[in-house]
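Colleague: I would like to learn how to read a structure feature by feature. Could you take me through one?

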Amino acid sequence: MAVLQMQRVSICALKKDRKAILEKLQRMGVMEINHILEEDEDFRRMDTANARSSFEKAAAAADQALNLLQQYAPVKQSLLSSLAGKDLIEKEKYQSVIENREELQKKAKRIQALDKERAENRASILKIENSIESLMPWLPLDVPVSFGGTEHIMMLPGTLSGQFTLDQVYEMLAEQAPELEVDIHIISAEQDTVYLTVFCLRKDSAAAEEALRSIGFARPSQISDQVPAEAKADMEKEISRIQSNIAEIEKEIMSLAVHREGLKLLADYYRVRADKYEVLGQLPQSERTFLISGYVPKKEAARIQKTLGGQYDCVVDLEELKEDEEAPVLLKNSSFSSSAEGILEAFGLPGRGEVDPTAIMSFFYVFLFGLMLSDAAYGAIVSIVCGVLILKFPRMGKSMKTSIQLFFWCGISTLFWGIMFGGYFGDVINVISRTFFGHEVGIPAVWFVPLDEPMKLLIYSMLFGVIHLFTGLGIKGYMCLRDKKYMDFFCDVVLWYMLLIGLLIMLIPSDIFASIAQATIVFPAAVNALGKWMAIIGAVGIVLMSGRANKNFGIRLALGAYDLYNVSGWLSDVLSYSRLLALGLATGVIASVVNQMGSMGGKSVFGVIVFIIAFIVGHTFNIAINLLGAYVHTNRLQFVEFFGKFYEGGGRAFNPFKENTKYADIKEETNL
Amino acid sequence: MSQLGIVYALLGAGVAVFLAGAGSALGVGIAGQAASGVVSEDPSKFAKVLILQLLPGTQGLYGLIIGFVTLSKIGLLGGGVADISVQTGLLILAACLPIGIVGLISARSQGKTAAAAIGIIAKKPEQFGKAMLFPAMVETYAILALLISFLAVSAIPV
């Protein structure tokens with residue numbers, strides 16, 4: 001349970017070691033660069049934007065080439081492969097890739113060029129196919145469309161829009177030019193176009209064309225010198241040539257797939273370099289020296305000092321942070337608690353002066369989660385699945401790993417509560433034994449069965465809620481004490497404890513509680529009196545002290561009274577924990593609905609098959625929906641009820657300057 | 001007249017399942033429209049928006065729970081049908097009302113809230129934890145109604 005303490009480290013070194021030192025820092029990955037120095041006459045910043053963008057472009061080109069490779073020569077990725085995390089690469093392999101980077105870059109370019117060529121080829125196939133399409137109606141013609149005619153006869157090819165028979169065309173033409181002698185052949189007809197050739201004597205050609213035009217005859221737009229059938233055959237040959245060309249291109253791209261690994265490392269290399277140049281651009285540099293400054297966790301500071309100081313001529317200066325400086329936040333927790341860090345991050349990292357509540361929260365998180373899901377079999381399934389995933393993918397990404405770890409622990413807790421409440425796939429053992437074996441057996445609950453005694457679990461839910469909330473208030477008290485704000489500690493924490501505990505003591509022997517708990521608890525008179533006085537002192541104290549910042553006594557009392565109204569807030573907070581019961585019941589009842597449905601097939605082979613199907617489908621659904629419910633509502637109890645008592649968040653995550661790779665990690669010191 | 005008792009009781013189960021289920025259908029539908037919009041822009045957010053879309057679906061399950069508890073209470077699920085007086089039948093009907101009505105309204109509101117939360121995912125996917133919290137606030141009231149319905153149904157002597 002700790003927010004790591006940060007220190008500011010400032011390094012001043014010679015310019016000739018600039019790149020080496022930056023690379024070293026990047027590889028260590030423990031320093032967040034943060035410059036406080038303004039630019040002045042001696043120290044200037046270097047413009048690295050150009051170099052950076054060229055590296056970024058190179059990384060993007062390699063990424064794109066990888067995407068293309070995945071398109072042409074897909075590597076099968078299983079559903080779980082996203083869990084596998086980055087590969088770990090030997091340093092020598094990385095070095096050899098970097099030495100060949102020119103060559104690899106050419107390969108990446110070649111892949112992109114090939115892809116472009118393929119797209120162009122495909123476009124030209126489309127174009128040719130269009131030409132074939134427009135040629136189709138002329139196919140029955142045995143001469144080229146541009147044939148023109150013989151010495152005395154003229155051929156006029158063309159189209160008429162509309163639907164006409166040969167007779168109609170003759171008729172229309174006769175109306176226009178009665179004495180004209182023509183011979184008309186319909187080549188083909190489509191829905192709204194007729195393709196025809198008209199033959200006439202050359203001397204009549206002008207008159208014929210005139211007459212034809214007036215009935216709507218149009219010359220074809222594309223006139224080829226080839227017999228249509230031949231032209232079509234040629235074009236088809238062309239298409240198959242281009243297709244074989246495309247196949248060759250695809251083959252070449254696939255043959256380049258062997259460079260996949262190299263391209264990944266190349267993309268990472270340029271990405272890392274781009275980051276380095278970004279930092280380089282921030283460094284104030286004089287003629288011979290440069291400065292670099294930033295945050296490091298205190299425990300790493302000495303290591304930086306030793307590593308850099310021993311190798312280079314430089315000054316490494318460490319200093320504590322200033323009072324008002326907002327340091328980036330890095331959490332350090334035990335391996336159990338750190339699994340809940342993701343949940344805390346989702347709410348907000350501890351702000352300045354706040355404690356890291358992860359350790360306490362992680363315990364409650366797992367406890368409450370199990371109570372909501374509360375089925376032994378479900379818990380076992382969740383834990384086993386998460387455990388197998390963690391073992392199978394040891395190099396999983398960090399945030400993914402912590403959430404899976406968290407669910408592993410939550411599964412264990414669910415298993416525990418399931419055994420306590422006697423839930424194993426709901427009531428599946430009872431249902432199976434009753435339906436298929438005739439006599440009912442079941443595993444009795446270790447504690448009690450919530451379905452039979454819901455009020456008992458309701459009371460316990462609220463008790464857990466009170467413990468959770470009091471812990472939150474306690475942490476607030478701890479923070480007050482730590483900051484030596486004794487007045488705040490007394491007024492905001494101690495008085496509230498007194499009031500609430502007093503009220504609880506008064507509530508427990510009352511009739512209302514007795515009717516809910518179905519048991520009467522009688523305290524000795526002294527305890528009752530103590531509770532009464534604690535509540536009174538607490539209430540009066542809150543009214544008097546809550547508004548203490550205000551000088552005006554009237555306003556102070558009004559503010560205090562308003563603060564006392566927060567008792568209703570506490571009431572609703574505690575009632576909110578009734579969801580522990582409700583969600584636990586939801587799991588159990590839906591599970592028994594599933595079992596009931598399965599058992600409807602009766603005691604037969606068919607019945608067993610129905611049962612198995614209903615069991616698998618139903619319980620899968622129930623696990624999924626109730627996992628979601630338990631996750632959401634545990635988060636809510638932590639964020640709203642628990643954190644509401646003491647925690648605000650608002651810290652900024654520590655973002656060290658490191659090798660931010662996408663595909664692979666290089667094997668060497670990987671700390672933090 | 002005593003046969004009417006079981007009719008009222010069954011009507012109660014029906015009200016719980018029907019109203020809460022209808023509310024969830026509305027809510028999941030509203031959230032689903034928003035989710036589809038986000039996925040059409042960025043398919044990688046599918047898992048996150050799917051979870052948010054599912055949140056208003058729980059009211060239907062709560063209705064199912066009360067319906068199921070009621071059915072098993074009046075003996076309609078195997079075993080003999082219990083002899084239920086009109087008064088008991090009406091009691092059961094009344095006990096089913098909270099989850100029915102609150103389920104209907106809260107699921108619809110939760111659907112709208114979930115749609116808005118899906119908007120958060122579209123713009124700031126890293127704020128998933130907070131986005132999930134807003135719809136969960138609405139759900140509280142459905143849970144309270146579920147509790148009352150459940151306690152009432154199981155407390156009614158048959």
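Colleague: Let me begin with a loop: in which loop of chain A does Ser374(A) lie?

Modeller: Please keep in mind that this model is predicted. Ser374(A) sits in the loop between α11 (358-373) and α12 (376-392) of chain A.

Colleague: What is the phi of Ser374(A)?

Modeller: The general idea first: most residues other than glycine have a negative phi. Ser374(A) is not a glycine, yet its phi is positive, about 40 degrees.

Colleague: And is Ser374(A) buried or exposed?

Modeller: Buried: 32 other C-beta atoms lie within 10 Å of Ser374(A), and the cut-off for that class is 20 or more.

Colleague: Which phi does Lys484(A) have, and where is its place?

Modeller: Lys484(A) also has a positive phi, near 60 degrees, in a residue other than glycine. Its place is in the loop between α15 and α16 (486-507) of chain A. Lys484(A) has 9 other C-beta atoms within 10 Å and is exposed.

Colleague: Let us turn to a helix. Which residues of α20 in chain A are buried?

Modeller: The idea to carry along is that an α-helix has 3.6 residues a turn, so residues three or four places apart point the same way. In α20 of chain A, which covers residues 566-576, the buried residues are Asp573(A), Val574(A) and Ser576(A). They lie on the same side of α20(A), because the arc they cover around the axis is only 155 degrees. Ser568(A), Leu571(A) and Ser572(A) are exposed on the other side of α20(A).

Colleague: What covers the buried residues of α20(A)?

Modeller: The cover includes α15 (454-482), α21 (579-598) and α22 (605-642) of chain A, together with α5 (128-155) of chain B.

Colleague: Chain B has come up already. How many residues of chain A are in contact with chain B?

Modeller: The size of an interface is often given as the accessible area lost when the parts come together. Here we can count residues instead: 22 of chain A are in contact with 25 of chain B. On the side of chain A that touches chain B, the elements giving two or more residues are α10 (341-347), α21 and α22 of chain A. With nine residues, α21(A) gives the most to that side. By class, the residues on that side of chain A are 14 nonpolar, six polar and two charged.

Colleague: At what angle do α21(A) and α3 of chain B pack?

Modeller: For a helix pair, I look at the angle, the distance and then the residues. α21(A) and α3 of chain B (residues 58-73) pack at about 65 degrees, with their axes 10 Å apart. The crossing of α21(A) with α3(B) is left-handed. From α21(A), Leu585(A), Ala586(A), Val589(A), Ile590(A) and Val593(A) take part. They meet Leu61(B), Tyr62(B), Leu64(B), Ile65(B), Phe68(B) and Val69(B) of α3(B). The contact of α21(A) with α3(B) has eleven nonpolar residues, no polar ones and no charged ones.

Colleague: What does the secondary structure of chain B come to?

Modeller: Five helices and zero strands. The C-alpha trace of chain B spans about 60 × 20 × 20 Å along its principal axes. Of its 158 residues, 55% count as buried.

Colleague: Last, the sheet. What is the order of the four strands in chain A?

Modeller: The order is β7-β8-β6-β9 in an open sheet of chain A, with antiparallel pairing. β7 and β9 (217-218) of chain A are at the edges with a single partner strand each, so one side of each has no neighbour in the sheet.

Colleague: How many bridges join β7 and β8 of chain A?

Modeller: Seven bridges join β7 (residues 182-189) to β8 (residues 193-201), and these strands of chain A run antiparallel. One bridge pairs Ile186(A) with Leu196(A) in β8(A). β7(A) and β8(A) form a hairpin, with three residues between them. Helix α5 of chain A (residues 166-176) lies across β6 (153-161), β7 and β8 of chain A, at about 140 degrees to β7(A).

Note on methods:
Residues numbered from 1 in each chain as written. Chains lettered and ligands numbered in written order. Predicted model: local features only at pLDDT ≥ 70, side-chain atom pairs only at ≥ 80, totals over all residues. Buried ≥ 20, exposed ≤ 12 C-beta atoms within 10 Å, placed from the backbone. Arc of directions from axis to C-beta. Contact = placed C-beta atoms within 7 Å. Nonpolar A, V, L, I, M, F, W, Y, C, P; charged D, E, K, R; others polar. Axes fitted to C-alpha atoms, helices over the stretch in contact; angles between N-to-C directions. Left-handed = near helix turned anticlockwise from the far one by under 90°. Pairing = 2+ DSSP bridges.
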